[in-house]
Amino acid sequence: MKLEIKNLTKAFGGVRAIDDVSLTFPSGSLSAVIGPNGAGKSTFFNLISGAFPADAGQVLLDSEDVIRLSKNDRMRRGIGRAFQVASCFPTMTVEENLMAAVTAHAGRWGDLSRRFPPIGVRERAGEMMELAGLTHVADVEAAILSHGDQKLLDIALALALEPKVLLLDEPTAGMGPEERWRMIRRVRDLWEQRQLTLVFIEHDMDIVFQVASTIRVLCYGRVLAEGTPSEIRNNQAVIDAYLGTEEAQAE
């Protein structure tokens with residue numbers, strides 16, 4: 001599914017967090033959004049997903065403008081979102097979390113309190129666990145999962161809603177180097193298997209440059225640059241605003 005953003009704008013008080021942003025994410029693409037802290041990256045995702053109302057602009061899914069739709073209606077149209085902090089039911093097991101998501105997505109809210117899940121729900125939850133690599137922790141409560149598995153569960157919950165566009169907000173945040181690469185390999189596998197239009201926010205530039213086919217750079221709510229990893233790595237404006245700062249911090 002093609003995602004187009006046209007002239008998207010959002011202000012908080014006198015500050016424009018997103019300032020007339022226009023970007024196109026082709027169907028089936030794998031893209032990263034990067035930029036310094038305060039650049040507006042999470043606000044950008046919130047406007048696309050419907051968590052925040054936009055002041056102006058359009059969010060188009062295959063040319064259909066969904067800007068006036070609620071967050072839930074945008075989910076039904078195909079926008080999925082996983083968060084920087086995993087949003088799951090902490091006292092429920094991995095399988096129970098996913099069965100709840102599958103049941104809710106089917107619009108069968110009344111079945112959530114049933115002792116036995118509706119036909120097909122457990123099988124669908126099992127499919128999501130297998131996709132996310134969580135089968136081995138199916139009976140573990142979400143609260144006691146490792147940080148990485150909590151993030152995978154959050155992604156699996158988003159996938160249970162059958163998205164065509166998936167937004168991942170810092171999927172590797174808080175992880176060590178080895179765990180980060182395991183996570184991003186899993187994300188790439190999911191993208192390939194589900195043929196998603198996938199957009200992720202990430203601060204680890206090694207991951208961004210190796211995984212994303214296209215990179216968009218936000219700075220002070222505006223698009224500073226977009227291009228291939230090579231083009232972004234050598235863009236002087238990006239080096240001055242962001243990459244140079246990152247290198248200085250690493251020294």
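User: Before we start, what counts as a cavity here?
Analyst: A cavity is a set of grid points where a 1.4 Å probe fits but cannot get out. Please note that this is a predicted model.

User: How many cavities of 30 Å³ or more are there by that rule?
Analyst: The count comes to one cavity of 30 Å³ or more. The largest cavity holds about 40 Å³ of space.

User: Which residues line the largest cavity?
Analyst: The lining consists of Ala 82, Phe 83, Lys 151, Asp 154, Ile 155, Leu 168, Asp 169, Glu 170 and Pro 171. Helix H5 (147-159) and strand E7 (165-169) are the elements that give two or more residues to this lining.

User: Which element gives the most?
Analyst: H5 does, with three residues in the lining of the largest cavity.

User: And how does that lining split by class?
Analyst: Five of the lining residues are nonpolar and four are charged, while no polar residue takes part.

User: Changing topic: which residues touch the most other members in the largest nonpolar core?
Analyst: They are Leu 98, Leu 134, Phe 200 and Ile 215, in a core of 52 residues. H5 supplies the largest share of this core, with seven residues.

User: What does Leu 134 touch, leaving out residues up to four places away in sequence?
Analyst: With those left out, Leu 134 is in contact with Val 94, Met 129, Asp 149, Leu 152, Leu 153 and Ala 156.

User: What does the second, separate core include?
Analyst: That core has 24 residues, among them Ile 5, Val 59, Val 165 and Leu 218. In soluble globular proteins, nonpolar side chains tend to be buried together.

Key
Residues numbered from 1 in each chain as written. Predicted model: local features only at pLDDT ≥ 70, side-chain atom pairs only at ≥ 80, totals over all residues. Heavy atoms only, no water. 1 Å grid on protein atoms, 1.4 Å probe; cavity = no way out; pocket = protein on both sides within 12 Å on 5 of 7 lines; lining within 4 Å. Points joined across faces, edges and corners; volume = space filled by probe spheres on them. Helix = DSSP H or I, 4+ residues; strand = E, 2+ residues; numbered from the N terminus. Nonpolar A, V, L, I, M, F, W, Y, C, P; charged D, E, K, R; others polar. Core = buried A, V, L, I, M, F, W, Y, C linked by side-chain atoms within 4.5 Å. Buried < 20%, exposed > 50% of the residue type's maximum accessible area, 1.4 Å probe, protein only. Contact = heavy atoms within 4.5 Å.
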